[in-house]
Amino acid sequence: MAWDEWEQLKAAAAERQPAHMQLNQLPAEREGAPAGARPTGLRPAG
C-alpha cells in the first residue's frame with residue numbers, strides 16, 4: 001500500500017469518527033458492592 005493511500009484512508013476514517021470521545025471507567029471497587037457491579041443511573045454516551 002502506498003504511503004499517500006494510507007494517509008487518505010486515515011483521513012477518511014477520522015472524518016467518520018465522532019467529534020469527541022468519552023471514556024468511562026468503573027471504580028476499582030465500591031464498598032458493599034461485588035467486584036464488577038455496574039453502578040446504577042448511568043446512560044451510554046451519545
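Which residue forms a salt bridge with Glu 7? Here are my notes, with that point taken up below.

1. A word on the basis: this is a predicted model, where local features need pLDDT of at least 70, side-chain atom pairs count only at pLDDT 80 or more, and totals for chains, interfaces and linings use all residues. Residues are numbered from 1 along each chain as its sequence is written, and side-chain values use heavy atoms, leaving out hydrogens and water.

2. Helix 1 covers residues 3-16 and includes Trp 6.

3. Of the 46 residues, 4% count as buried (under 20% relative accessible area; exposed is over 50%, partly exposed in between, with a 1.4 Å probe and protein chains only). The chain exposes about 4800 Å², with 53% of that supplied by carbon and sulfur atoms (Shrake-Rupley areas).

4. Your answer is Lys 10: its closest N–O approach to Glu 7 is 3.4 Å. A salt bridge here is a side-chain nitrogen of Lys or Arg within 4 Å of a carboxyl oxygen of Asp or Glu, and the whole structure holds one. Because Lys 10 and Glu 7 are three residues apart in helix 1, about one helical turn separates them. Both partners are partly exposed, Lys 10 at 40% and Glu 7 at 32%.

5. Do look at Trp 3, Trp 6 and Leu 9, which make a nonpolar surface patch of about 380 Å². Within this group, Trp 6 is partly exposed at 39% relative accessible area.

Methods. Accessible areas come from the Shrake-Rupley method with a 1.4 Å probe; for residues, only the protein chains shown count as cover. Patches are made of residues with over 30% relative accessible area and no salt bridge: like charges are joined within 9 Å, nonpolar side chains (Val, Leu, Ile, Met, Phe, Trp, Tyr) within 5 Å. Helices (H or I, at least four residues) and strands (E, at least two) are DSSP runs, numbered from the N terminus.
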